[in-house]
Protein chains: 2
Amino acid sequence: MEKIKRNVRVAAMAKLLTESPNHIFTLSQFCTLFDTAKSTISEDIDLLRSVFEDFGLGQIETVTGAAGGVKFLPVVPMDKALSFVKETCVDLSDPGRVLPGNFLYIQDILSQPDKLETLGAIMATPYFNENPDFVLTVETKGIPFALMVAKALGVPLVIARRNHKSFEGSVVTINYISGAGGEMKTMSLAKRAVKAGQRALIIDDFTKDGGTVRGMMELMREFDVTCVGVGVMVQRRRSDTPQFCNDIRSLFVVEGEIDEKNGATVTPAEWLTK
Amino acid sequence: MEKIKRNVRVAAMAKLLTESPNHIFTLSQFCTLFDTAKSTISEDIDLLRSVFEDFGLGQIETVTGAAGGVKFLPVVPMDKALSFVKETCVDLSDPGRVLPGNFLYIQDILSQPDKLETLGAIMATPYFNENPDFVLTVETKGIPFALMVAKALGVPLVIARRNHKSFEGSVVTINYISGAGGEMKTMSLAKRAVKAGQRALIIDDFTKDGGTVRGMMELMREFDVTCVGVGVMVQRRRSDTPQFCNDIRSLFVVEGEIDEKNGATVTPAEWLTK
């Protein structure tokens, strides 16, 4: 068999590492795949690390110890994150997005896998060190964004339901208050979906008064699961926004009124601008 | 500035191309990024093409013409697809998955982003040449799988709702019959979500009598959208399965009865074994 060149190895390794974020590959796996010595693979990885850093493509990390190896973290550099979010802010501020009832149409953003994957990686970036075991969201609109956050973190996505369905087995159901009107809603999660002692990152697409987020936090308490953070793609902020909502990490902030003539004022969240 | 080496270029290009499937990059973009001549980039692409083919990592395609360039298609080779599906069949056949009422628990498969991305690429593979404009699914369980099919195809995911919500603007609603019991259900889609004349690939996570799939096909007719195919992750097949369901392309087939003692008999769909 002809010897496999470095060019070939680094191209294949770039694909394999990046398609499984936060997943540890042992050096032996690559040695077998390319029929090469460990020292050679180590040099390949050093090369990949510097390429990814130079071009802002994410981080290649070496994990030491018995279960050691190498993994890819889709960390988005802050300048890149901010310019991507700023671009999307311009799009979100378009008056054409304001629907009757002064709702902001964001469904098209939530439907673009590439864009969502970048936004998901930006949202995941502050949580790599928090080691969540899973991402939690509640149906429906937040699912695509939450899935991409889960993909970036290399963990499963757990979806709470508005109504429990029999094909999920026994469930835990909570009631919570949503919206200024104080409407009572329910949220259910299959018992087998999570385990006591795990760590959850809560993700949703939109929040105004934080009611749904509070519901998810309460649901996690019922399961004895620790909440490592709350991330929401778009946060509406007004004078009557509850204090509690300051702990939510969002990407986009909508301030003031939304109307069909002027559209919405959408800006990047503060933590992105620091 | 030091000249950027081939090693570095191919590693970065592998990452950039694969993270945006079916998206055309012009050679000029890469020339600018790496400060290199077009002929050099062409050689890099030839190298990448053969690496991806040799290791079964997908296809690098050259697109000719004015809007030409190069793109990545996450085509899964048939042998790799079959062995991945077979592995998952073993998991799905576990009696521990049978819930009271003889339902099959598949939520954990639907919650693993990496696994879903591979299954999504396998499902997308027969449809690259059909050029769908979007993937359509209906809430809730099918959304993660459908999003990964959409990502592989490089198109948006459009989600029909069980109940229309005001933050999506005006909607078209249809009624359809689901299940052997003949229950009447409704499905809605925002008018601004799709355009007449577009092409849709319909995706869901599970089907038995094809009722929901029929509903989605009818919804597309209301929008004057062509349906290029129907893909479903898990298909239940019994003696009374309607003829219509033979046109559904699934990944996993569950045949016969499901019970708590023996589990389910899950096999790869026929098209994967040819």
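Biologist: Which residues in helix 1 of chain B meet residues in helix 3 of chain B?

Modeller: In this predicted model, B:Arg6, B:Arg9, B:Val10, B:Met13 and B:Ala14 of helix 1 of chain B meet B:Asp44, B:Leu47 and B:Leu48 of helix 3 of chain B. By class, that contact has five nonpolar, no polar and three charged residues.

Biologist: How do helix 1 of chain A and helix 3 of chain A pack, and what makes them oblique?

Modeller: Helix 1 of chain A and helix 3 of chain A pack at an angle of about 60°, with their axes 10 Å apart. Because angles from 65 to 115 degrees are needed for roughly perpendicular and angles under 35 for roughly parallel, these two helices of chain A are oblique to each other. Helix 1 of chain A passes helix 3 of chain A in a right-handed crossing.

Biologist: How many residues does each chain give to the contact of chain A with chain B, and which helix of chain A supplies the largest share?

Modeller: The contact takes 43 residues from chain A and 43 residues from chain B. On the side of chain A that touches chain B, the largest share, 10 residues, comes from helix 1 of chain A. By class, that side has 25 nonpolar, 11 polar and seven charged residues.

Biologist: How do you know whether B:Val213 is buried or exposed?

Modeller: A residue counts as buried when 20 or more other C-beta atoms lie within 10 Å of its own, and B:Val213, with 23 such neighbours, therefore counts as buried. B:Val213 is found in helix 7 of chain B, residues 211-222. Leaving aside residues up to four places away in sequence, B:Val213 touches B:Ile202, B:Asp204, B:Thr207, B:Val230, B:Val232 and B:Ile248.

Biologist: Which residues have the most contacts inside the largest nonpolar core?

Modeller: That core has 158 residues, and those with the most contacts inside it are A:Val135, A:Val149, B:Val135 and B:Val149. Among the residues that A:Val149 touches, not counting those up to four places away in sequence, are A:Met123, A:Val135 and A:Ile203.

Note on methods: Residues numbered from 1 in each chain as written. Chains lettered and ligands numbered in written order. Predicted model: local features only at pLDDT ≥ 70, side-chain atom pairs only at ≥ 80, totals over all residues. Core = buried A, V, L, I, M, F, W, Y, C linked by C-beta atoms within 7 Å. Buried ≥ 20, exposed ≤ 12 C-beta atoms within 10 Å, placed from the backbone. Contact = placed C-beta atoms within 7 Å. Helix = DSSP H or I, 4+ residues; strand = E, 2+ residues; numbered from the N terminus. Nonpolar A, V, L, I, M, F, W, Y, C, P; charged D, E, K, R; others polar. Axes fitted to C-alpha atoms, helices over the stretch in contact; angles between N-to-C directions. Parallel < 35°, antiparallel > 145°, perpendicular 65-115°, else oblique. Left-handed = near helix turned anticlockwise from the far one by under 90°.
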